[in-house]
Amino acid sequence: MATWFRREALWATRVSELIRQLRGGIRVSWRWEILTCFAMGKRGSRSQSELLTTLTKKQKKHLRDFGEEHPFYDKVSGKEAKPQFYQLSESSDTSGSESEAESEPEQVSGYHKLLATLKNALEEEEEENEEEEEDEEEDSAIDEAEMNSEDGDSDVSVEKETTGESTKAQESMDLPGDPEGKGGNGPLGTSQESLEEFTDAKHESLFSLETNFLEEESGGTCSLKVSQDPFLQHVNKELKEEEIQAVATNPKTTHQLKWPVLGQLVFSSKFQKLETFKPSKDIDLKSLHLQKPLESTWTKTNSQFLSGPPKSSGPFTPLQKELFLIMNSYRDLFYPERTALKNGEEIRHVYCLHVINHVLKANAQVLGNNSRRRSQKLGVGDDDDFRDQGLTRPKVLIVVPFREAALRVVQLFISLLEGDSKKKVIVSNKKRFKGEYGSDPEERPPNLKRPEDYEAVFVGNIDDHFRIGVAILQRSIRLYAPFYSSDILIASPLGLRTIIGAEGEKKRDFDFLSSIELLIIDQADIYLMQNWEHVLHLMNHMNLLPLDSHGVDFSRVRMWSLNNWSKYYRQTLLFGALQDAQVNSVFNKYCVNLQGQVAVRNVPMTGSISHVLVQLPHVFQRLEAENLASVIDARFNFFVNKILPQYRDAVMSHTLIYVPSYFDFVRLRNYFKKEELNFTHICEYTQKSGISRARHFFLQGEKQFLLLTERFHFYKRYTIKGIRNLIFYELPTYPHFYSEVCNMLRATSRGEEATWTCTVLYSKYDAQRLAAVVGVERAAQMLQSKKNVHLFITGER
């Protein structure tokens with residue numbers, strides 16, 4: 001008997017150590033796991049079908065993880081002893097189960113004696129282990145066998161959720177019964193952001209795909225259409241090693257088409273076969289292979305943009321129809337005509353539909369394969385048939401500039417999953433999310449006169465440092481999910497930059513970007529005004545092999561993901577308000593989707609110069625540069641040697657110098673200080689008092705020159721009074737800034753119109769910006785003539 005106890009005690013210790021190492025699932029105390037193991041062994045005589053129907057969810061998970069019942073065949077005693085029930089500690093996490101503590105008196109005498117014996121000897125050790133587990137493994141993430149997700153032990157989540165003390169009844173009702181998140185999840189300020197994982201171990205089962213799968217067996221509707229589904233065609237397409245190697249050397253094949261609404265499209269691909277298509281006149285939602293419930297919820301969610309009844313106008317606007325056809329074909333897309341005033345919300349609706357459709361299909365594929373694996377016996381079937389995941393769980397990354405945009409995206413997700421259904425979607429931490437991402441209308445200063453486009457861009461919460469994980473499940477959305485347990489990541493470039501870090505930093509992580517299948521960069525032009533380096537840093541870390549396995553089940557990972565070919569399967573959707581060389585460079589360099597790329601390339605026939613309302617002569621002076629790298633120095637030397645001497649005379653006072661680049665601004669400021677010129681300056685970092693002094697000195701003529709950065713104008717839109725001479729050191733990034741700055745001259749019109757001047761510096765590398773200002777035809781003539789051009793705008797419109 002002593003030998004038997006030593007052997008069984010050793011086995012129980014090994015089981016407890018194994019359980020601690022298991023990642024995913026719902027954590028319970030090790031004594032309860034031993035009890036479950038013995039109970040599983042005692043029930044080994046039952047048939048497999050009877051066992052599966054009687055076991056609880058956790059017991060099913062235990063049987064699935066170990067693969068067989070425990071060989072408990074020794075007879076402890078011939079006498080029937082009275083069972084001794086062991087009381088579990090209150091710290092044990094047993095929420096979400098109904099009958100796990102049930103025992104069978106006629107069979108339990110042996111292992112209950114063992115548990116009673118181990119209680120006193122290992123009680124102190126268990127308390128220490130539980131304290132360590134609460135610190136190190138507090139968050140039990142979604143089951144890895146279900147969704148290739150991890151337990152969240154990295155430093156990647158947005159913020160740590162802190163909850164006050166509450167009763168057990170309140171804790172049990174916090175999430176399911178309070179979708180607003182009032183049960184202990186108060187709103188947290190942004191100052192409480194940390195790098196610790198968001199944890200919700202008590203209700204983790206609510207967001208488990210296994211739980212949702214069991215609900216679907218009783219009437220769920222999470223199915224995946226197989227026939228000609230573009231999602232399946234894309235993820236199941238297999239590339240060959242020869243094709244991947246040829247991508248680096250293959251020339252890009254292009255083909256141009258003109259669509260009714262989008263205009264001139266350029267289809268391109270580095271793979272051998274380039275396929276193009278034209279939009280159909282009528283679109284049926286069923287032909288788009290939308291996942292349920294999107295067919296019914298989309299029409300209501302998009303009704304604000306539809307002019308007539310859905311049957312007559314269709315479920316999409318003309319612009320949405322053409323955009324979604326390209327998105328649904330899984331081609332990369334660059335659309336540079338997205339404006340906050342006209343079509344911004346219209347485009348946000350359609351890409352949110354594509355995101356939810358993609359995530360629901362991916363989850364449905366995993367659930368379907370889980371069902372097939374359960375129905376098959378162990379060892380039967382090919383593992384390659386069940387490869388449906390990436391190396392990490394996050395599938396979609398949405399990059400937006402402000403918290404207000406993230407708020408609207410999440411609200412669209414809720415609307416698309418909810419629709420007209422009487423059953424509301426369960427949204428965890430909804431109240432906290434609204435508190436941190438919403439805005440107070442009273443905080444906005446009254447009586448601010450700003451252009452309409454400024455009001456549309458800077459609406460709501462304009463904080464640009466945030467990141468949040470979103471898990472999408474059947475009838476539920478989890479906000480603030482750990483990154484490695486999320487389906488969708490919504491973040492700003494700055495929020496991602498602080499997590500990705502730089503090479504050499506100790507705390508950095510970018511493994512969550514390894515399996516991104518859909519990347520959306522919305523309002524890309526605003527990142528030019530924030531910090532474009534953050535976008536480049538993000539793109540350099542997309543779809544790299546992870547440094548840690550994060551508990552992935554490699555038998556479920558797609559082969560192209562294991563081969564580090566994920567970037568060839570990633571779809572990138574890039575939306576902005578302008579054609580810019582830096583944005584074009586990102587699209588051409590980092591978008592290598594095997595399905596090909598589509599870029600909208602409409603040329604502006606009339607430039608923003610037509611919106612200048614004052615009578616002003618415009619002199620466009622061309623500078624020559626050998627290559628793109630030498631343009632910066634060539635522009636500085638041209639300005640210092642040829643332009644600035646013309647304005648040093650006191651007669652040419654009140655000269656505003658508009659500088660788009662901050663680096664050029666610093667260079668000019670240092671030169672003006674060195675030459676002791678009479679000047680003042682305003683940039684985006686200038687304090688309010690400094691701005692007031694600079695504007696006053698410039699208006700009164702005490703300062704001859706005023707250096708002004710483009711980013712200051714973007715964020716403030718102040719009207720600078722007292723301008724008589726205007727110099728554009730470089731063409732503006734936004735075309736309409738040209739007319740806005742020119743129209744500032746009429747703010748202090750005192751009969752000096754005849755002396756007003758406007759000088760613009762440009763080179764052949766500024767072709768896109770030049771066309772946006774003067775029009776494509778006039779820009780082509782200016783670039784060919786290689787001479788300075790004098791234009792006179794009468795101001796009559």
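**Salt bridges and a helix**

Mentor: Glu345, Arg348, Glu404 and Arg408 are linked in a network of salt bridges, a salt bridge being a side-chain nitrogen of Lys or Arg within 4 Å of a carboxyl oxygen of Asp or Glu. This is a predicted model, in which local features need pLDDT of at least 70 and side-chain atom pairs count only at pLDDT 80 or more, while totals for chains, interfaces and linings use all residues. Residues are numbered from 1 along each chain as its sequence is written, and side-chain values use heavy atoms, with hydrogens and water left out.

Trainee: How many salt bridges are found in the whole structure?

Mentor: The search finds 21.

Trainee: Which residue forms a salt bridge with Asp463?

Mentor: Arg403 does, with the closest N and O atoms 2.6 Å apart. Asp463 lies in the loop between α17 and β6 and Arg403 in helix α15, so the pair ties together parts 60 residues apart in sequence. Helices (H or I, at least four residues) and strands (E, at least two) are DSSP runs, numbered from the N terminus.

Trainee: Is Arg403 buried or exposed?

Mentor: Arg403 is buried, at 0% relative accessibility. Buried means under 20% relative accessible area, exposed over 50%, and partly exposed in between (1.4 Å probe, protein chains only). Asp463 is partly exposed, at 27%.

Trainee: Turning to α24, which residues are buried there?

Mentor: Asp664, Phe665, Leu668, Arg669, Tyr671 and Phe672 are. Seen down the axis of α24, they fall within an arc of 165°, so they line one face of the helix; the arc is that of the directions from the helix axis to the C-beta atoms.

Trainee: What is exposed on the other side of α24?

Mentor: Phe663 and Lys674 are exposed there.
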